[in-house]
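Hi,

Here's the structure I promised to pass on.

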Amino acid sequence: MVAAALSGALSSQREASVLDTRVPEGFLEVIGTAVDDPRPGANGFWFLIKPDTLRMREHEASWQGPPLLVSADQESTVMAGERVAVAGRMRARPGAARGDPYAGVLLAKTITPVEVATGFFRAANLVRSRVETELETVSDRAAAALVSGFLIGDIRELPSSDIQALKRAGLSHYVAVSGSNVALFLLLWWLIIGPLGFGPRRRAVLGLVGLILFTIITRWEPSVLRASVMAGVVLVGRAIGWSIGPWTALGGGVAGLLLISAELVSDVGFQLSVVATAGVIAGAGYRPLNRFPLIGATLAATVSAQLAVAPLLLIHFGTLPLLSPLSNLLAGPMVLAGTTLGGLGVLSGVGLLVNASAAFSGIVLAIARAAAPWPQLDLVGYLGVMTAITLGAYWRMQRPMALLAAAWAFLTIGLQPSPCLLYTSDAADESSSVW
């Protein structure tokens, strides 16, 4: 508790130090390192920059200033880790973007590359560029964008209607790169390093290097951080000869992350990732479904994860998808096949594998589009469904509950016209649906 209190205090101090810093205003040029890639926003595209040089009125000076938000009308080719020169008008408007504080907004007129990224960032940017290049040949652009989401968490080219369909079907977590993606990446990583990974300790150490690279490739999303640190705990234990179970890995990884970056505790994506993982671990040992090895294990993990995140979904969004367990059961194998084939296709450059990956991703989109019109449960609906499930657990109540469920589905869905979804962008990274 002492460590947690200290971590929270330091995190608040870091944020306050950025927000309280005064920045020069007016037309100027800032040279610095891009913290992340450009993202679509309400007024164009934006990314954060960590400045190191300031040019103003023909004078140049070293300036290790606070992070700044760069806002541009058009998307640029800037990638995280690259040094760029941004000329434009600076305004002292502190704020936070995706949880990261900034001291001012720089309205960019020109963005000029200065120096390419080095080290891990350069390798990660090459991987991202290769993924984009290989997916350019896919004719179904929505499916290609979803494959990009599976591999590197980048869904910028996915239509907003499909993003909403994934959310309403309970499938949006598949593009929030997490545990399964980390496992597949490590498998490919060990295939790449080949003989260098012989021996459990050497493989564990090189696996940690791969996790760092994967975290940068996927741009350190909260779910990626949770999954990577959790995997890192297991690899460290293997390197020193300790057997680490899933609960220990989850607890140790989450505690370590929060001690380093306490602001993650308020991130919705991090909360959902942690709770969903706990639900999967708890559901994996559900014995009544062991008689159906594949379907039973998948269904138990899906349902337990959905039950675990349901309170958070109701708190943050007010609703949760009714068909999430079923849509996840159907989409899970398609996502696994699409991610695996996509990774192998990008790695080998075989277009047939990439197109096969896009085909599986198209099936996932079809499942999401079919499940999206179904109702979303509020708190009352959620309690009603849980009551029905509890009563249905008793043999004598199964048939009446099944009839009631069928009648409810017919009355609420079968007798109503298909809903029309209208989509409007209302934030930097979110969309709203209007019925």
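R89 sits in strand β6, which covers residues 83-91; strands here are DSSP E runs of at least two residues, helices are H or I runs of at least four, and both are numbered from the N terminus. Before going on: this is a predicted model, where local features need pLDDT of at least 70 and side-chain atom pairs count only at pLDDT 80 or more, while totals for chains, interfaces and linings use all residues. Residues are numbered from 1 along each chain as its sequence is written, and side-chain values use heavy atoms, leaving out hydrogens and water.

Back to R89: it counts as partly exposed because its relative accessibility is 44% (buried is under 20%, exposed is over 50%, partly exposed is in between, with a 1.4 Å probe and protein chains only). Together with R91, R93 and K109, R89 makes a patch of positive charge on the surface. Patch members have over 30% relative accessible area and no salt bridge, with like charges joined within 9 Å and nonpolar side chains (Val, Leu, Ile, Met, Phe, Trp, Tyr) within 5 Å. Lys and Arg count as positive, Asp and Glu as negative, and His and the chain ends are not counted; the charge is placed at NZ of Lys, CZ of Arg, CG of Asp or CD of Glu.

There's a nonpolar surface patch too, about 230 Å², made by F120, V209 and I212 (areas by Shrake-Rupley with a 1.4 Å probe, only the protein chains shown counting as cover). F120 belongs to helix α2.

Now the salt bridges, meaning a side-chain nitrogen of Lys or Arg within 4 Å of a carboxyl oxygen of Asp or Glu. The count comes to 16. R156 pairs with E75, with the closest N and O atoms 3.4 Å apart. That one links distant parts of the chain, 81 residues apart: R156 is in the loop between α3 and α4, E75 in the loop between β5 and β6. R156 also meets D154 at 2.9 Å, N to O, and D154 counts as buried, at 11% relative accessibility. D37, E75, R128, E132, D154, R156 and R219 are linked in a salt-bridge network.

E115 and R83 form another bridge, at 3.8 Å between the closest N and O atoms. E115 lies in strand β9 and R83 in strand β6, so this pair ties together parts 32 residues apart in sequence.

Cheers
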